[in-house]
Amino acid sequence: MTRMLIIGPPGVGKGTQAERLSHRLNITAISTGDIFRANIKGQSPLGLAAKEYLDRGDFVPDSLTNCLVRDRLLEEDTKKGFLLDGYPRTSAQVEYLDAVLADNNLKLDIVLQLTADDGELLARLIARSQEAGRSDDNEAVIRHRLDLFRQQTEAVVAKYDERNILLKVIGTGSIETVTDRIYRQITPRLKRQGRQDARLATAVGRQ
Ligand code: ADP
């Protein structure tokens with residue numbers, strides 16, 4: 001069972017890869033951006049509160065985001081493992097997530113960082129704005145989301161790197177190429193972790 005995060009700038013392909021990975025690893029994918037967009041579409045109180053932030057490309061306040069993630073992580077379908085996409089994005093969110101996991105005796109196994117340069121990201125997001133029409137995919141808002149990533153989320157990446165659970169994968173090339181690259185990086189970690197889990201189970205069994 002694997003508990004992991006996927007982190008990267010807007011447009012790097014986190015959502016696409018998260019979906020593929022969660023299927024292959026049989027873990028639950030949770031995207032905070034998707035949850036907000038679904039709530040906006042359904043005009044729920046959360047959606048109404050979050051909409052202005054999403055439209056501007058700003059972070060939704062922690063008072064809304066943190067509880068949402070905590071509640072989602074305590075649902076039954078995360079017991080088989082989870083892949084969190086879009087959270088944490090700030091150092092304060094890292095601390096909150098640490099506390100939620102510690103309270104429930106859980107720990108993260110892998111933090112996967114996807115990278116691409118700003119030129120590539122801008123081109124992808126502008127192309128997407130012309131096709132799908134996400135309300136936050138226009139050039140000024142895209143630039144703001146990229147700036148916020150550099151200002152706030154790079155510190156998050158650094159924190160996980162210090163903990164030695166960060167794996168960095170280049171997010172350019174075809175979708176399949178990136179998935180293969182991710183697999184090559186995470187497989188040895190998952191194997192090592194599987195052996196640790198087995199040892200732990202044997203030790204507990206002996207008690
Ligand atoms: P992207 O990373 O491509 O910009 P996401 O779908 O991950 O897109 O997020 C879209 C928007 O949802 C963000 O710009 C932000 O307004 C909101 N959001 C998502 N996750 C968080 C979070 N962890 N904290 C605050 N706001 C968030």
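Tutor: The discussion below takes up the ligand, the pockets and the backbone in turn. Please keep in mind that this is a predicted model.

Student: Which part of Asp58 faces an oxygen atom of the ligand, and at what distance?

Tutor: A polar backbone atom of Asp58 is 2.6 Å from a ligand oxygen. The ligand has 550 Å² of accessible area on its own, and the protein covers 96% of this.

Student: Which residues around the ligand are the closest, and how many surround it?

Tutor: There are 19 surrounding residues, and Thr32, Arg37, Asp58, Gly86 and Arg89 are the closest. A residue is counted if one of its heavy atoms lies within 4 Å, which is why these belong to the shell.

Student: What is the make-up of this shell by class, and which element gives the largest share?

Tutor: The shell has seven charged, six polar and six nonpolar residues. Helix 2 (residues 32-41) supplies the largest share, namely four residues.

Student: What volume does the largest pocket have, and which residues lie nearest its centre?

Tutor: Its volume is about 1100 Å³. The lining comprises 49 residues, with Lys14, Gly15, Arg37, Asp85 and Arg134 nearest the centre. Elements that give two or more residues to this lining include helix 1 (14-25), helix 7 (139-162) and helix 8 (175-206). By class, the lining of the largest pocket divides into 19 nonpolar, 17 polar and 13 charged residues.

Student: What volume does the second largest pocket have, and which element gives the most to its lining?

Tutor: The second largest pocket has a volume of about 250 Å³. Helix 8 gives the most to its lining, with four residues. Among the lining residues are Met1, Arg3, Asn105, Gln193 and Leu200. The lining of this pocket holds four charged, three polar and three nonpolar residues.

Student: Where is the cis peptide bond, and what is its omega?

Tutor: The cis bond joins Tyr87 and Pro88, with omega about -5 degrees. Pro88 belongs to the loop between strand 3 (81-85) and helix 5 (91-103).

Student: What phi does Asn26 have, and what phi does Gln43 have?

Tutor: Asn26 is not a glycine, yet its phi is positive, about 55 degrees; Asn26 lies in the loop between helix 1 and strand 2. Gln43, not a glycine either, has a positive phi of about 55 degrees, and Gln43 lies in the loop between helix 2 and helix 3 (45-56).

Note on methods: Residues are numbered from 1 along each chain as its sequence is written. This is a predicted model: local features need pLDDT of at least 70, side-chain atom pairs count only at pLDDT 80 or more; totals for chains, interfaces and linings use all residues. Side-chain values use heavy atoms; hydrogens and water are left out. A polar contact is a pair of N or O atoms within 3.5 Å; within protein, one must be able to donate a hydrogen and the other to accept it, and residues adjacent in sequence count only if both atoms are side-chain atoms. Accessible areas come from the Shrake-Rupley method with a 1.4 Å probe; for residues, only the protein chains shown count as cover. Ala, Val, Leu, Ile, Met, Phe, Trp, Tyr, Cys and Pro count as nonpolar, Asp, Glu, Lys and Arg as charged, and the others, Gly among them, as polar. On a 1 Å grid over the protein atoms alone, a cavity is a set of points where a 1.4 Å probe fits but cannot get out, and a pocket is an open set with protein on both sides within 12 Å along at least five of seven lines; lining residues have an atom within 4 Å of a point. Grid points are joined across faces, edges and corners, and a volume is the space filled by probe spheres set on the points.
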